[in-house]
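This report goes through one protein model step by step. Please keep the sequence and the 3D view open while reading.

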Amino acid sequence: MTGREPKLDNDIFFVCSLIEYIGRATKNRRADIVSLLGKNVLAKHLELADVYHCEPIENTAADLIEAHGIPEGGFDNTAGVPSVPTAFDIAKVYKRLIVSLAASNGTPPIDELFNVYASWISDKISDYGCSMFYESPEYLYLSYLEGEPLRD
């Protein structure tokens with residue numbers, strides 16, 4: 001462990017930040033970004049996150065958008081929202097959930113990343129008009145396991 005958290009946690013945070021950044025730049029749902037990039041590409045970026053982290057995230061995102069032909073979408077979750085959380089704020093929410101699930105299930109984080117982004121909770125976290133992304137990590141974890149928000 002170097003820094004305040006384990007290296008793997010920081011690497012997951014980087015990949016989640018990259019997904020969020022690409023989603024915002026191309027106006028696509030985060031599940032679509034994960035699907036378009038695929039497990040091999042995201043696993044490579046997770047494995048080499050400390051190298052990719054040296055580049056500005058804008059450059060890494062632009063390279064991935066071009067290399068994988070990620071099209072412009074119609075999902076704009078920042079328009080009309082008075083206070084938009086940063087891409088890094090949202091990445092932190094995903095990272096905490098993915099790390100918790102991987103630890104409790106004994107599964108590789110890349111598998112949990114795909115499970116989380118493909119689930120209902122991804123659209124809820126991406127809805128900046130509601131407060132799901134502000135909920136506690138425990139609430140998000142338990143809601144995810146339940147398959148729906150514990151309360152509306």
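## Model and confidence

This is a predicted model, in which local features need pLDDT of at least 70, side-chain atom pairs count only at pLDDT 80 or more, and totals for chains, interfaces and linings use all residues. Residues are numbered from 1 along each chain as its sequence is written, and side-chain values use heavy atoms, with hydrogens and water left out.

The pLDDT is the predictor's confidence in each residue, from 0 to 100. For the protein chain it averages 92, and 97% of the residues score at least 70. Helices here are DSSP runs (H or I, at least four residues), numbered from the N terminus. Confidence is lowest in helix 3 (residues 49-52), with a mean of 80, and highest in helix 6 (residues 109-118), with 97. Where pLDDT is low, the predicted coordinates should not be read in detail.

## The two sides of helix 4

Buried means under 20% relative accessible area, exposed over 50%, and partly exposed in between (1.4 Å probe, protein chains only). Which residues of helix 4 (residues 57-67) are buried? They are I57, T60, A61, L64 and I65. These residues lie on the same side of helix 4 because they cover an arc of only 135° around the axis; the arc is that of the directions from the helix axis to the C-beta atoms.

The face turned away from the buried side of helix 4 carries the exposed residues D63, E66 and A67. The cover over the buried residues includes helix 1 (7-26), helix 2 (30-47), helix 3 and helix 5 (87-105). Just after helix 4, G69 has a positive phi of about 55°.

## The nonpolar core

A nonpolar core is a set of buried Ala, Val, Leu, Ile, Met, Phe, Trp, Tyr and Cys residues joined through side-chain atoms within 4.5 Å. The largest one has 42 residues, and I22, L42 and L113 touch the most other members. Its largest share, eight residues, comes from helix 1.

Contact means heavy atoms within 4.5 Å. Leaving aside neighbours within four places in sequence, I22 is in contact with I33, L37, A61, L64, I65 and I70. In soluble globular proteins, nonpolar side chains tend to be buried together.

## N77, a buried loop residue

N77 sits in the loop between helix 4 and helix 5. Is N77 buried or exposed? Its relative accessible area is 8%, so N77 is buried.

A polar contact is a pair of N or O atoms within 3.5 Å; within protein, one must be able to donate a hydrogen and the other to accept it, and residues adjacent in sequence count only if both atoms are side-chain atoms. The side chain of N77 makes such a contact with the side chain of R30 (3.3 Å). A polar atom of the N77 side chain also lies 2.8 Å from the backbone oxygen of S126.

## Aromatic pairs

Rings of Phe, Tyr and Trp (its six-membered ring) pair if their centres lie within 6.5 Å; planes under 30 degrees apart count as stacked, over 60 as edge-to-face and the rest as tilted. The structure holds four such pairs. One of them is the tilted pair of F13 and F88, at 6.2 Å centre to centre and 40° between the planes. F13 is in helix 1 and F88 in helix 5, so this pair ties together parts that are 75 residues apart in sequence. F13 counts as buried at 15% relative accessibility, and F88 as partly exposed at 42%.

F133 and Y134 form another tilted pair, at 4.3 Å centre to centre and 45° between the planes. F133 is buried at 6%, whereas Y134 is exposed at 57%. Together with Y128, F133 and Y134 form one aromatic cluster.
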